[in-house]
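Good morning, and thank you for coming. Please look at the sequence and the structure as I bring them up, and then we shall go through a few places together.

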Amino acid sequence: MKGVVLAFIFGLIYISVNAQASHYFPSKNSVWEQRSPKDFKIKIELLEEAVSFAQANEYSGSKDLRIAILQGFKSEPFHKILGPTKKRGGPVGMILKNGYLIKGWGDTKRVDMTFSVTKSFLSTMAGLAVDKGLISHVDDKVGDYIWDGTFDGQHNSKISWRHLLQQNSDWSGELWGGKDWADRPPKEGGLDDWKYRTLQEPGTVMEYNDVRVNVLAYALTHVWRKPLPMVLKTELMDKIDASTTWRWFGYDHAWTEVDGVQMKSVTGGGHSGAGLFINTEDMARFGLLFLNNGKWGNDQLISKNWITDAITPSGPNPNYGFMWWLNTKGDRNWKQLSDKIYYAAGFGGNFIVIDKKNDVVVVTRWLEPSMIEEFMEKVYLALD
């Protein structure tokens with residue numbers, strides 16, 4: 001009996017080691033190792049069809065993203081470009097299976113804006129702060145950490161890190177000239193209705209709002225006591241062997257002082273310019289890290305607990321976690337696909353899709369946003 005137990009234990013160890021070994025993690029500056037879809041019993045013809053679909057359904061907005069941004073948010077009062085922008089390239093993407101590249105298209109090394117995909121990177125900065133004990137718990141009030149008036153008042157003092165991460169804080173105020181009520185206002189009403197609206201209790205109503213996302217970035221800058229691009233570089237991107245080409249910008253005037261040092265407070269997207277400018281391969285590395293529960297090779301870079309929390313549905317919106325979209329039942333559900341999928345999404349059709357069921361990461365850029373579900377359905381047909 002003892003021999004049977006030992007054999008069982010050794011068998012589990014063997015399976016665990018080989019499961020880890022079967023995942024490929026590209027080294028720095030290397031050519032991403034490619035495998036034939038046939039190696040994973042993936043239907044090549046259907047995969048080609050999915051890629052052709054992505055290439056044929058390019059984002060319809062201007063390639064001059066300054067123009068696309070102004071056009072996309074023209075209904076917002078006072079909206080203007082406040083940070084860097086960049087003309088974009090054409091459709092591009094990568095599909096990874098077990099970390100191996102099974103299909104790529106376009107210029108995967110070209111650096112482009114990635115808009116609200118930046119939010120998933122930003123929430124990870126909060127996760128690392130929790131992992132390191134800089135933030136004790138996401139349910140702590142942010143005002144206990146940031147006491148400069150940003151979270152003063154009867155309403156704002158109730159806001160926790162969780163509320164900011166789930167975009168249901170209804171933080172009220174102005175940051176870098178951006179007014180919370182002027183960011184994606186309701187279609188109904190006018191300036192007075194929006195400005196003097198009734199505030200929602202934190203944690204009860206989700207509202208996608210870049211001013212409040214930037215408040216989170218500002219608060220995290222003060223918690224880390226260093227610029228968030230530096231945190232991202234040293235704590236994550238260097239460790240996943242990312243390139244040196246990515247940049248994370250804030251608005252031109254978004255300077256804050258910490259420990260007597262002026263530092264830029266970055267944005268969580270490109271709503272008024274700025275945000276993360278990054279190539280497709282570095283996005284794929286980030287996705288691969290999350291596919292492997294925060295582990296890169298043998299190094300646990302982000303705790304599994306954080307990732308579990310980050311992809312747990314929030315109360316007000318079952319399709320949203322900590323700045324990751326979730327394919328759970330709700331208004332934003334891809335019905336034909338696994339409910340284990342979660343993804344980062346940005347203006348102009350930028351996506352990092354994590355599919356735990358199939359051990360797949362999909363990065364696609366400049367795909368018409370309304371076509372992402374159909375594109376992923378085509379990818380799934382190839383995987384089945």
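Let us begin with Leu134, which is found in the loop between α4 (117–131) and α5. Helices here are DSSP runs of H or I with at least four residues, strands are runs of E with at least two, and both are numbered from the N terminus. This is a predicted model, in which local features need pLDDT of at least 70 and side-chain atom pairs count only at pLDDT 80 or more, while totals for chains, interfaces and linings use all residues. Residues are numbered from 1 along each chain as its sequence is written, and side-chain values use heavy atoms, with hydrogens and water left out.

Apart from neighbours within four places in sequence, Leu134 is in contact (heavy atoms within 4.5 Å) with Ala129, Tyr145, Val223 and Trp224.

Next comes Gln166, in the loop between α5 (161–165) and β4 (174–175). Gln166 is buried, at a relative accessible area of 7%. Setting aside residues up to four places away in sequence, Gln166 touches Met206, Ser314, Tyr320, Gly321 and Phe322.

Finally, consider helix α9, residues 280–291. Twelve of its twelve residues are buried, among them Asp282, Arg285 and Phe290. Just after α9, Asn293 takes a positive phi of about 55 degrees.

Terms used
The expected span of a helix is 1.5 Å times one less than its number of residues. Buried means under 20% relative accessible area, exposed over 50%, partly exposed in between (1.4 Å probe, protein chains only).
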